Amino acid sequence: MKRAVILHGTDGKPEHHWMPWLKKKLEEQGYEVWVPELPGNHTPNLQVYNDFLFSHGWDFTDNIVVGHSSGAVSVLNLLMDERCPKIKVGVVVGAWAEGLPMQHFDETQFAGLFPEKGFDFELIKAKADHLAFLHSDDDPYCPLEQAQYLAHELDAPITVLHGAGHISTGFKEVSELWEMIEPNL
């Protein structure tokens, strides 16, 4: 069975932005797609998210896993979890590497999102056949430099869109995202 998971960002919902479009595109390719509403997503938390994702009986083996914003960070966290098998593709959209995404948020809001000892880049690389990043050159929340750092550490390509903000509000489709996924179907 071909499977895919799409993880929304902070204060998000499965029906936000480009997620319904991507879900439909994957379903048209024969994928079973899970777009869960992440619990307590105003304050994303690594342990809460991973426990939630692994408690639903979903088999992540050879999945395509796409995440946006804090959901993108969650893709990396998921891959570091001992319960996670090797996935096929991980696509990270609008991620950042640590701390607050710029200064727009409460300092405690993202306190539980990042691993205490930092990302284990070698483990993340070992858990995915292919990783890729998508970011904008004018993201008002998540600095491009942090996404570039993550992509560099993970030996992953990064596609940088011009003037796309956080690749969220106003985006019902993102053709560049599909172009990153389609060759790996």
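Colleague: How do α2 and α3 lie to each other, roughly parallel or roughly perpendicular?

Modeller: Angles under 35 degrees count as roughly parallel, over 145 as roughly antiparallel, 65 to 115 as roughly perpendicular and the rest as oblique. In this predicted model, helix α2 (residues 46–54) and α3 pack at an angle of about 70°, with axes 10 Å apart. The two helices are therefore roughly perpendicular. Axes are lines fitted to C-alpha atoms, for helices over the stretch in contact, with angles from 0 to 180 degrees between N-to-C directions. Helices (H or I, at least four residues) and strands (E, at least two) are DSSP runs, numbered from the N terminus.

Colleague: Which residues in α2 and α3 meet?

Modeller: Contact means heavy atoms within 4.5 Å. On the α2 side they are Leu46, Tyr49, Asn50, Leu53 and Phe54, and on the α3 side Ser74, Asn77 and Leu78. This contact divides into 5 nonpolar, 3 polar and no charged residues (Ala, Val, Leu, Ile, Met, Phe, Trp, Tyr, Cys and Pro are nonpolar, Asp, Glu, Lys and Arg charged, the others, Gly among them, polar).

Colleague: What is the strand order in the sheet?

Modeller: Two strands pair if DSSP finds at least two bridges between them. Here an open sheet of 6 strands runs β2-β1-β3-β4-β5-β6, with parallel pairing. Its edge strands, β2 (32–34) and β6 (158–161), each pair on one side only. Strand β1 (residues 3–7) pairs with β2 over 3 bridges in the parallel sense, and valine 5 stands opposite tryptophan 34 in β2.

Colleague: Which strands does helix α1 touch?

Modeller: Helix α1 (residues 19–28) packs on the sheet against β1, β2 and β3 (64–68), and its direction makes about 175° with that of β1. Helix α3 (residues 70–80) also packs on the sheet, touching β1, β3, β4 (87–93) and β5 (128–136), at about 140° to the direction of β3.

Colleague: How many aromatic pairs does the count give?

Modeller: Rings of Phe, Tyr and Trp (its six-membered ring) pair if their centres lie within 6.5 Å; planes under 30 degrees apart are stacked, over 60 edge-to-face and the rest tilted. The count comes to 8 aromatic pairs. For tryptophan 96 and phenylalanine 110, the ring centres are 5.2 Å apart and the planes at 90°, so the pair is edge-to-face.

Colleague: What conventions apply?

Modeller: Residues are numbered from 1 along each chain as its sequence is written, and side-chain values use heavy atoms, leaving out hydrogens and water. Local features need pLDDT of at least 70 and side-chain atom pairs count only at pLDDT 80 or more, while totals for chains, interfaces and linings use all residues.
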